Amino acid sequence: MYKRQAQDRRPSHCIALVENVPGLEVIHRASWSDAIAPASWRDEIERANWRDEVPAQSVRIHYVDHAMFLIQTPGALSMVTDYSGFLGPEDYVPDVVTMNRAHGTHWTASPDPRIPNVLTGWNPDGPGPIEHYLELGDVLIRNVATDIRSGFGGGVAPDGNSIFVFEAEGLCIGHLGHLHHEPTPEQFAAIGRLDVVMAPVDGGMTLDLPSMISVLQRLRSSVVIPMHWFSLGGLQTFLAGMQDDFRIDVREGSSMEVSLRSLPSEPTIVVLRPRFLGAGDAVE
């Protein structure tokens with residue numbers, strides 16, 4: 001049983017205000033981080049551990065592997081992004097998993113049948129985008145569909161990827177999935193403001209690095225967590241491209257906790273180290 005009902009979900013500021021006309025302007029509401037500086041940002045990251053109860057008004061994010069993150073809330077809900085079927089030696093069953101279709105490392109045809117909510121980023125019933133709007137306990141989960149490349153001939157598979165947005169504890173947390181193109185103005189408006197964003201930074205299999213940097217500069221999230229990086233050298237190339245506009249915070253741990261009041265006072269790249277669940281659980 002969840003600790004809080006859907007109607008008790010703390011409202012967020014995610015959705016942008018837009019004019020539904022060509023050339024629309026996206027107006028972001030100010031984050032609390034613009035007015036309240038974090039008291040102990042680094043300490044909050046260091047004490048996070050995925051086995052512990054999540055503190056009130058906070059969300060915990062644990063980098064599992066590749067593009068998989070475990071997101072946990074004070075209401076005892078857990079969600080895994082780009083679920084590929086293996087979370088580690090721990091027998092852990094999340095409440096929700098999301099998946100994307102671009103590669104087999106981002107989805108599985110045989111998700112654990114014990115998982116009650118499996119959200120695909122593509123429409124398994126045919127052409128057209130899939131639409132999710134799931135209110136569950138203290139979380140709202142929604143998606144914005146994007147296209148992906150098809151094969152090596154430059155083709156396009158429409159609506160094969162979804163940017164999933166998790167609204168919890170007043171925070172807006174986005175996962176860009178296997179993003180292959182810069183979002184359109186309409187897609188940016190549908191995404192809204194993201195306090196935290198997980199972004200693929202491989203620079204080739206997803207979006208090229210200059211384009212990804214441009215996307216992140218436009219989103220201007222308080223926290224950017226790099227994912228889908230295949231070497232420290234590739235990660236460093238991304239960090240070098242972001243350091244003029246974002247503070248860089250490289251961590252040795254895999255988990256962090258964040259709340260509206262602890263968001264950093266300036267946009268920050270937080271590098272987490274991937275770790276499967278149960279694969280060494282020393283407190284970080």
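Tutor: Contact here means heavy atoms within 4.5 Å. This is a predicted model. Beyond its neighbours within four places in sequence, Leu216 is in contact with Val197, Ala199, Ser221, Val224, Phe238, Met242 and Phe246.

Student: What makes Trp122 buried?
Tutor: Buried means under 20% relative accessible area. Trp122 has 9%, so Trp122 is buried.

Student: And why is Trp107 called partly exposed?
Tutor: The partly exposed class runs from the 20% limit for buried to the 50% limit for exposed. Trp107 has 22% relative accessibility, so Trp107 counts as partly exposed.

Student: Why is the pair of Trp107 and Trp122 called edge-to-face?
Tutor: Rings pair if their centres lie within 6.5 Å, and planes over 60 degrees apart count as edge-to-face. Here the centres are 5.4 Å apart and the planes stand at 75 degrees, so the pair is edge-to-face.

Student: What makes this pair a tie between parts of the chain?
Tutor: Trp107 lies in the loop between strands S4 and S5, and Trp122 in the loop between S5 and S6, so the pair ties together parts that are 15 residues apart in sequence.

Student: How do you know that the charged end of Arg220 sits over the ring of Phe246?
Tutor: The distance limit is 6 Å from the ring centre, and CZ of Arg must also be within 35 degrees of the ring normal. The charged end of Arg220 is 5.6 Å from the centre of the Phe246 ring and sits over that ring.

How values were computed: Residues are numbered from 1 along each chain as its sequence is written. This is a predicted model: local features need pLDDT of at least 70, side-chain atom pairs count only at pLDDT 80 or more; totals for chains, interfaces and linings use all residues. Side-chain values use heavy atoms; hydrogens and water are left out. Rings of Phe, Tyr and Trp (its six-membered ring) pair if their centres lie within 6.5 Å; planes under 30 degrees apart count as stacked, over 60 as edge-to-face and the rest as tilted. Helices (H or I, at least four residues) and strands (E, at least two) are DSSP runs, numbered from the N terminus. Buried means under 20% relative accessible area, exposed over 50%, partly exposed in between (1.4 Å probe, protein chains only).
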